[in-house]
Amino acid sequence: MSESVSRRLELRELADEQATLTALEAIEASQAHGLSQSQLVDVFNDDARCVLGAWWQACESPTAELIGFVVLARGPFEAEIEAITVHAAQRGQGVGARLLAAAIAQARDWQRDSGLERLLLEVRTSNAAAAALYAKAGFTRDGVRRGYYPLADGGREDAWLMSLPLV
């Protein structure tokens with residue numbers, strides 16, 4: 001999409017449609033480590049999960065481009081951000097922060113309904129930008145999971161465990 005075209009960022013819940021899955025797969029393909037097609041399908045088949053998408057909507061145009069998403073899971077005592085992803089070409093424009101804010105708002109809505117205590121996530125220890133974004137939003141580091149994420153070379157990378165109180 002041309003930068004000279006006026007556009008706005010819209011956030012909305014995603015539906016289980018083939019066009020949506022295709023767009024999600026394109027976003028995941030831009031990542032070094034992404035969700036598989038079967039994992040994406042599983043997300044939509046789970047009533048305890050919510051998928052919010054970020055769209056660039058061109059002003060005065062019916063077309064929109066999906067550029068990021070967040071997967072949020074609702075448990076009995078906690079919610080968890082399972083994935084938050086922005087297309088590699090669209091990073092640095094505040095999309096991740098908007099998706100994170102939407103996930104926090106959804107978790108707080110769930111908290112009012114059922115008393116969830118906190119919002120959890122894991123982040124690669126090498127992903128300093130994401131860890132800083134989460135800290136800025138109020139998440140704190142609770143611990144580390146050793147060897148949690150697989151690496152392309154067959155090794156493993158640690159994950160920081162982070163949480164945000166909802167009460």
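Just after α3, I found Gly115 with a positive phi of about 80°. A reminder to myself: this is a predicted model.

Next I looked at α3 itself. The helix has 20 residues and spans 29 Å from its first C-alpha to its last, close to the 28 Å expected at 1.5 Å a residue. I then listed its buried residues, which include Val95, Leu99, Leu100, Ala103, Ile104, Ala107 and Trp110. Gln106 and Gln111 are buried in α3 too.

On to the nonpolar cores. I looked up the largest one, which holds 31 residues. The members that touch the most others are Ile81, Val95, Leu119, Val123, Tyr134 and Phe139. Several elements supply at least two residues each, among them β2 (49-58), β4 (78-86), α4 (128-136) and β7 (156-165). The biggest contribution comes from α3, with eight residues.

Which residues does Phe139 touch, not counting those up to four places away in sequence? I noted Ile81, Leu100, Ile104, Leu119, Leu121, Tyr134, Met162, Ser163 and Leu164. Another core of 13 residues lies apart from the largest one, and its members include Leu21, Ile27, Leu40 and Val51.

Last stop: Ala64, in strand β3. Is Ala64 buried or partly exposed? Ala64 counts as partly exposed because its relative accessibility is 31%. Leaving aside neighbours within four places in sequence, I found Ala64 in contact with Arg12, Trp55, Trp56 and Gln57. I also checked Glu10: Ala64 and Glu10 are 54 residues apart in sequence, and their C-alpha atoms are 9.0 Å apart.

Methods
Residues are numbered from 1 along each chain as its sequence is written. This is a predicted model: local features need pLDDT of at least 70, side-chain atom pairs count only at pLDDT 80 or more; totals for chains, interfaces and linings use all residues. Side-chain values use heavy atoms; hydrogens and water are left out. A nonpolar core is a set of buried Ala, Val, Leu, Ile, Met, Phe, Trp, Tyr and Cys residues joined through side-chain atoms within 4.5 Å. Buried means under 20% relative accessible area, exposed over 50%, partly exposed in between (1.4 Å probe, protein chains only). Helices (H or I, at least four residues) and strands (E, at least two) are DSSP runs, numbered from the N terminus. Contact means heavy atoms within 4.5 Å. The expected span of a helix is 1.5 Å times one less than its number of residues.
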